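Good morning. Today I shall speak about how two chains meet, and I ask you to keep the structure in view.

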Amino acid sequence: MQTLERVLDIQPLKAADITLQLNGQAVQAAEGETVLSVLNAVGLRRLAQNDHGQPAGAFCGMGVCHCCLVAIDGRPKRRACQTVVRHGMRVETEVNRVVEGAQS
Amino acid sequence: MSLRPVIVGGGSAGMAAAIELAEQGVDCLLFDEASRPGGVVYRGPLRAGVDLGYLGARYSKALQTLHEDFAANAEHIDLRLNHRVVGGDTERLMVLDADEQLHEIDYSHLLLSAGCHERNVPFPGWTLPGVMLLGGLQLQIKSGAVKPLGSTLIAGTGPLLPLVACQLHAAGAKVAGVYEACAFNRIAKESLALLNKPQLFLDGLSMLAYMKLNGIAMHYGWGLVSASGEGELREVSLAPYGQDWKADMSRVRREPVDTLAVGYGFIPRTQLSQQLGLTHGFSDDGYLRAVCNVWQQSSQAHIHLAGDMGGIRGGEAAMLTGRIAAVSILQQRGVLDANQAIERRERYLGKLAAITRFRAGVERYTQRGAAQIELPQADTVICRCEHVTRSDIDLALEQGVQDMASLKMRTRVSMGDCQGRMCVGYCSDRLRASTGRADVGWLRPRFPIDPIPFSAFQHLATEA
Ligand SMILES: Cc1cc2nc3c(=O)[nH]c(=O)nc-3n(C[C@H](O)[C@@H](O)[C@H](O)COP(=O)(O)OP(=O)(O)OC[C@H]3O[C@@H](n4cnc5c(N)ncnc54)[C@H](O)[C@@H]3O)c2cc1C
Ligand code: FES
């Protein structure tokens, strides 16, 4: 499987001891990081599709705006900026059950 | 008294308070929803092995000192990270732990030091991915150790703009320019007040020198008009602002950028202070904040406030107010007598006075222009969670809505996930402008103040 490259780290990861699945692709992460930092590091900014079908990305970076909602290990609407990475975590962006329900 | 003092929020204010208590041998219980203490200014990188050189020597030193002081007192501080306080009353708090279980925590003395969030100023295109609040972007550089995509344009007002520009540049990111909405002569007029904190003033000057040296342009009296792009930000439009911040649309300039950071200041977090029933008042900038006396006591003497929660004054002031609150708690518990407490308080107040004068100068020059509320167009979204547009708000005001509660009922603003934290500033500005009143109410928090899963109640139920 192809590994997503982290292109925006200010300094290289000292130890990339964690691997996540981001939309089905592997990406490396370090202990302590938030899911948002990993998404930012690979340059992925369209994170959520809100209940009104609008795309959204991280906005406040501190847990208050609820614009960075992604699905984590199958649970929807988790804040990327408030979630610390774990090995094997599955992260999916732009999922929205309300909007998808309406479309089908 | 058997119960330990409880502190909500381990930022500059909460950490300083915990240290002051510990120095007198008093144990405390400190909750923070983040995974590391430090708050928005001093959380530091979340991963190991980051060299903080790009944030400046003075900052790295201050960060290190605070964390060392805190660690030296660790035996007295029961630090519960990843714990979010989601509600409470004057005797107990509801706390969601890292495993998403809810707990009831009784307290006798409480310090609220949960900080602030940024003021969101809506304009056409603000919801595009790639547009971020300035402090939020700064957190990604400081704690995430990640650069933003492409080149970044910074717009808004206040000293955080050049600071983040320098930090971004030093981190290796491209800065497309800084647009300070207020005119240069207004800042120059405040230089006397700003000299109350010579070091901060000098830091400001050296930031400008750094920017000049590195070719980062500083545009005074220029501000945002709109942002655009297909699905993501690609371009920002700017124009010269008049005294009241009305954009001169005959001179619009378009800048191709990938990231836009917008900073118009802060709004204290009042969800908890409101839920606890404390007395509140409004600041000159129009935001709600709990009121406190010279001991940092709220309208309930056993509940204290420190840091941004009592009004925005920056990290250094947050530490001093945290220390004063701790001194008050120490006196209430009989650890210090009245004379000892007053002597300590006066020492901290003396240091606070210069900061207060400095901040007053900053507040005067960063005072937002009245025309700012005209930035959104009819179809610009104001409340993103409930998709309420400017025209919905205009209509409600035309129909005679005069306060926040009625605006909420009429338009659904604030009924979504963020509970109005991102639209409250704009809604309050509009209501105040249309009614001419200073008090148009504020958004009331719901319980829980942050979403919690149903399973969180399991533990509580078994305890009961
Ligand atoms: C994003 C951002 C960036 C900023 N950058 C700067 C800067 O570079 N320089 C500067 O001088 N000022 C900055 N400020 C202003 C800043 O807030 C200072 O005024 C000062 O640090 C305030 O300290 P504090 O202790 O009051 O709050 P904070 O440092 O914000 O600490 C509050 C703490 O409370 C925690 N918390 C909040 N709610 C809860 C809850 N319900 N349950 C549990 N824990 C909770 C938070 O996780 C946080 O750690 C910034 C503000 C923001 C919002
Ligand atoms: S970016 Fe605002 S909640 Fe995550």
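How many salt bridges does the rule find across the interface of chain B and chain A? The rule finds seven, a salt bridge being a side-chain nitrogen of Lys or Arg within 4 Å of a carboxyl oxygen of Asp or Glu. One of the salt bridges joins A:Asp9 to B:Arg47, with the closest N and O atoms 3.6 Å apart.

Two remarks on the source. This is a predicted model, in which local features need pLDDT of at least 70 and side-chain atom pairs count only at pLDDT 80 or more, while totals for chains, interfaces and linings use all residues. Residues are numbered from 1 along each chain as its sequence is written, chains are lettered from A, and side-chain values use heavy atoms, without hydrogens and water.

Let us turn to the interface as a whole. In chain B, 52 residues are in contact (heavy atoms within 4.5 Å) with 41 residues of chain A. The area buried between the chains is about 3,700 Å²; buried area is the accessible area (1.4 Å probe) that two parts lose on being put together, summed over both. Carbon and sulfur atoms give 55% of that area.

Finally, consider A:Gln11. Leaving aside neighbours within four places in sequence, A:Gln11 is in contact with residues including B:Arg47, B:Val50 and B:Tyr54. B:Asp51 is also in contact with A:Gln11, and the backbone oxygen of B:Asp51 lies 2.7 Å from a polar atom of the A:Gln11 side chain.

Notes:
Polar contact = N/O pair within 3.5 Å; in protein donor to acceptor, adjacent residues only side chain to side chain.
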